[in-house]
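Q: I have a model open and want to learn how to read it feature by feature. Where do we start?

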Amino acid sequence: MTAHLSSAESSNVESLLKETRIFSPATDLAASLGGAYCASMDEYRARHTRSIADPEGFWGEVAQGFEWFTPWTRVLEWNCPDAKWFVGATTNICHNALDRHVLDGHGHEVAIIWEGEPKLPGDNGPQPEVKHLCYGELLDEVCRTANALKSLGVKKGEVVTLYMGMVPELAIALLACARIGAVHSVIFGGFPAPAIADRMLDANSRVIMTCDGAWRRGAVVPLKKSVDEAIHLLCAQNHTVDHCVVVHRIKHEMEGAVDWTAGRDHAWHELIDAQSAECACEPMDSEDPLFLLYTSGSTGKPKGILHTVGGYMVYTAYTAQQTFNLRPGAGHVYWCTADIGWITGHSYVIYGIMPNRVPTIMYEGAPNFPGDDRFWEIVARHRVTHFYTAPTAIRSFMKWGDQHPGKHDLSTLKVLGTVGEPINPEAWMWYRQHIGADACPIVDTFWQTETGGHVITPLACVTPTVPGSCTLPFFGIDAAVVDEQGNELPPNVGGLLVIRKPWPSMLRGVHRDRARFIDTYWSRIKGMYLAGDGARRCEKGYFWIMGRIDDILNVSGHRLGTMEVESALVSHPAVVEAAVVGMPHEIKGMGIAAFVSLAPGSTPSEALKTALRSHVSSVLGPIAKPDMIRFTQTLPKTRSGKIMRRLLRDIAAGRDGNQDTTTLEDFTTLATLRANEE
């Protein structure tokens with residue numbers, strides 16, 4: 001399959017590539033951050049060149065900044081597509097995030113600042129619940145939780161599922177699993193019961209940690225209820241869940257009692273508080289599994305992406321340090337707004353930040369509750385210096401109005417970042433002007449669940465930035481834009497984004513599916529990792545990400561498979577066939593357009609559209625709800641029966657389209673769809 005961009009996408013690409021605005025970091029930025037790790041672009045180029053030519057020497061030096069129980073015998077063992085980093089070494093990522101700081105005398109310093117959703121009335125309106133967790137007390141809680149898991153029979157290598165709100169206990173649970181060598185599988189709290197069951201079954205997980213509920217815009221999200229439903233589904237498949245540990249987050253505010261199964265369900269505070277605060281770290285081989293994180297795939301079945309201990313630890317902490325220029329003791333307060341249910345939360349709320357000994361913020365709830373200025377209130381209250389969020393959020397901020405950031409003191413901000421999807425230049429400029437006061441650099445980071453950490457990104461203190469471009473590869477990343485034969489393409493020619501050499505935090509596989517690992521990432525271009533995105537590289541060498549080349553939807557930075565949404569639609573009794581494509585969306589960047597053929601006896605109506613949206617939401621979660629549903633008697637197909645999604649994309653986007661339709665089976669289908677455009 002050849003990667004092609006539509007005419008509208010190509011036009012947009014050209015306008016991006018002709019972007020002439022360039023912003024160099026302020027001359028005093030490095031000093032205000034306590035000094036720059038990389039002093040100039042010349043130094044960046046020299047270090048990047050060395051990292052590609054001598055990866056063992058380069059990463060061996062970087063890894064010396066961490067504590068290892070046993071040294072490695074070799075930095076890299078590469079047998080494409082399988083990499084082993086820091087071969088023979090043992091360590092523990094929890095030790096490097098907590099113990100080493102406590103042992104070095106920093107136990108009193110703040111590790112996590114947690115802010116709950118405001119719900120307590122006060123003189124100035126609803127007040128949030130705020131907690132500051134220091135490294136020392138966090139270490140005690142992690143040890144107690146680790147001992148609690150051991151008391152439930154959890155052993156090294158077993159998978160513990162975490163389905164929780166953004167509460168401190170979630171961070172504690174991650175680190176506790178890592179401490180004893182249990183593999184954690186975090187499921188985003190917005191997913192419904194079938195998604196939980198599918199992931200637990202694939203991971204063979206028999207222990208889950210959850211909350212009775214979570215707060216979201218003043219309402220309770222009933223997490224324990226979803227877990228109970230998932231366990232019921234698993235029982236029907238002869239899969240037993242032995243233990244469910246429940247944090248009582250909203251116990252007194254829920255309507256009705258939480259169902260409780262004696263012997264299986266355990267109250268967090270009763271189980272954990274009874275444990276000892278002493279628990280030695282399990283020595284982990286560098287290539288032992290650390291976590292599974294499920295991401296959508298074009299076949300519909302979620303992929304369990306596997307990351308291992310040593311390489312992931314080194315790479316995420318190093319990218320966080322270098323990209324954001326994080327320095328311990330320099331007064332930095334870092335806030336990544338991502339949920340820990342996604343890879344961004346794993347890497348840049350917890351694992352990449354805590355080894356750098358910089359306070360990291362976690363928040364519960366929504367960015368616009370109780371008001372549209374909530375984020376800026378948090379920035380001002382905690383004097384945030386580094387702020388990392390998604391383009392979707394930025395577009396929402398723009399829509400809500402400039403007055404909201406204007407009400408708060410954002411002068412502590414030094415570095416801004418974006419993550420999750422490409423950012424359009426207009427949003428980039430608004431972010432710089434209204435949040436960064438035309439002074440803060442914006443690090444537009446490109447990476448994936450599979451890469452573990454940043455792979456293309458500016459460095460805050462040195463890289464000149466251009467609105468819309470993620471700029472240059474990180475150290476150790478040999479990125480290129482190539483054709484189907486793997487030949488590197490000249491400037492401004494679109495092609496496939498690949499990485500040609502291994503890097504420490506690369507995925508180690510797809511859980512229980514070796515063939516899918518090979519087919520998805522390594523089969524298309526021999527010897528190269530396929531990112532699955534189209535890209536171009538301009539004359540400056542800067543990368544411009546143009547979007548997915550397959551049928552993955554990137555909705556608000558969340559990846560969804562079209563097959564998943566189509567399957568959810570067809571599971572409704574009124575639907576016999578469905579095709580789902582991406583469409584432009586003002587806020588999300590990409591919305592979901594669904595073309596639906598109805599079963600005999602079903603009649604198109606607005607009420608049915610509403611019912612189908614609700615149905616998809618119940619199956620896959622609210623993020624998968626279609627933004628547009630269009631009824632059609634037939635779908636445009638080739639003579640071999642394949643749905644021509646490229647034509648549907650044009651229709652969803654409101655484009656006339658000048659595409660080749662010679663293989664289209666029924667031209668009246670296309671004409672009818674265009675005639676019925678909303």
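Q: Is Cys 281 buried or exposed?
A: Keep in mind that this is a predicted model. Read burial from the relative accessible area; under 20% is buried. Cys 281 has 14%, so the residue is buried.

Q: Which cysteine sulfur is closest to that of Cys 281, and how far away is it?
A: For a disulfide, check the sulfur-to-sulfur distance; the limit is 2.5 Å. The closest cysteine sulfur is that of Cys 94, at 4.9 Å, which is too far for a bond. The count of disulfides comes to zero. Another cysteine, Cys 470, is buried, with a relative accessible area of 3%.

Q: How many helices and strands does the protein have, and how many residues?
A: There are 21 helices and 30 strands. The protein has 678 residues, and 60% of them are buried.

Q: What share of the contacts join residues at least 24 apart in sequence?
A: Start from contacts between residues at least 6 apart in sequence. Of these, 70% join residues at least 24 apart.

Q: How do I read the packing of two helices?
A: Two packed helices are described by the angle between their axes and the distance between the axes. Take helix H5 (residues 93–103) and helix H6 (residues 135–151). Their axes come within 9 Å and cross at roughly 130 degrees. That angle makes H5 oblique to H6. The crossing of H5 past H6 is left-handed.

Q: Which residues of H5 and H6 meet?
A: H5 brings Cys 94, Ala 97, Leu 98, Asp 99, His 101 and Val 102. From H6 come Tyr 135, Gly 136, Leu 138, Leu 139 and Val 142. By class, this contact of H5 with H6 has eight nonpolar, two polar and one charged residues.

Q: At what angle do H6 and H7 pack?
A: Helix H7 covers residues 168–180. H6 and H7 pack at about 65 degrees, with their axes 8 Å apart. Their crossing is right-handed. On the H6 side, the contact residues include Leu 138, Leu 139 and Val 142. H7 contributes, among others, Ile 172, Leu 175 and Cys 177. By class, the contact of H6 with H7 has twelve nonpolar, one polar and three charged residues. Leu 138, Leu 139 and Val 142 of H6 also meet H5.

Q: Where does Thr 385 lie, and what does it touch?
A: Thr 385 sits in the loop between helix H13 (374–382) and strand E18 (386–389). Thr 385 is buried, with a relative accessible area of 8%. Leaving out residues up to four places away in sequence, Thr 385 touches Gly 331, His 332, Val 333, Thr 412, Leu 413, Lys 414 and Val 415.

Q: What separates the C-alpha atoms of Leu 647 and Val 581?
A: Leu 647 and Val 581 are 66 residues apart along the chain, and their C-alpha atoms are separated by 9.8 Å. Leu 647 lies in helix H20 (residues 645–653). At 1% relative accessibility, Leu 647 counts as buried.

Notes:
Residues are numbered from 1 along each chain as its sequence is written. This is a predicted model: local features need pLDDT of at least 70, side-chain atom pairs count only at pLDDT 80 or more; totals for chains, interfaces and linings use all residues. Side-chain values use heavy atoms; hydrogens and water are left out. Buried means under 20% relative accessible area, exposed over 50%, partly exposed in between (1.4 Å probe, protein chains only). Axes are lines fitted to C-alpha atoms, for helices over the stretch in contact, and angles run from 0 to 180 degrees between N-to-C directions. Helices (H or I, at least four residues) and strands (E, at least two) are DSSP runs, numbered from the N terminus. Angles under 35 degrees count as roughly parallel, over 145 as roughly antiparallel, 65 to 115 as roughly perpendicular and the rest as oblique. A crossing is left-handed if the near helix is turned anticlockwise from the far one by less than a right angle, and right-handed if clockwise. Contact means heavy atoms within 4.5 Å. Ala, Val, Leu, Ile, Met, Phe, Trp, Tyr, Cys and Pro count as nonpolar, Asp, Glu, Lys and Arg as charged, and the others, Gly among them, as polar.
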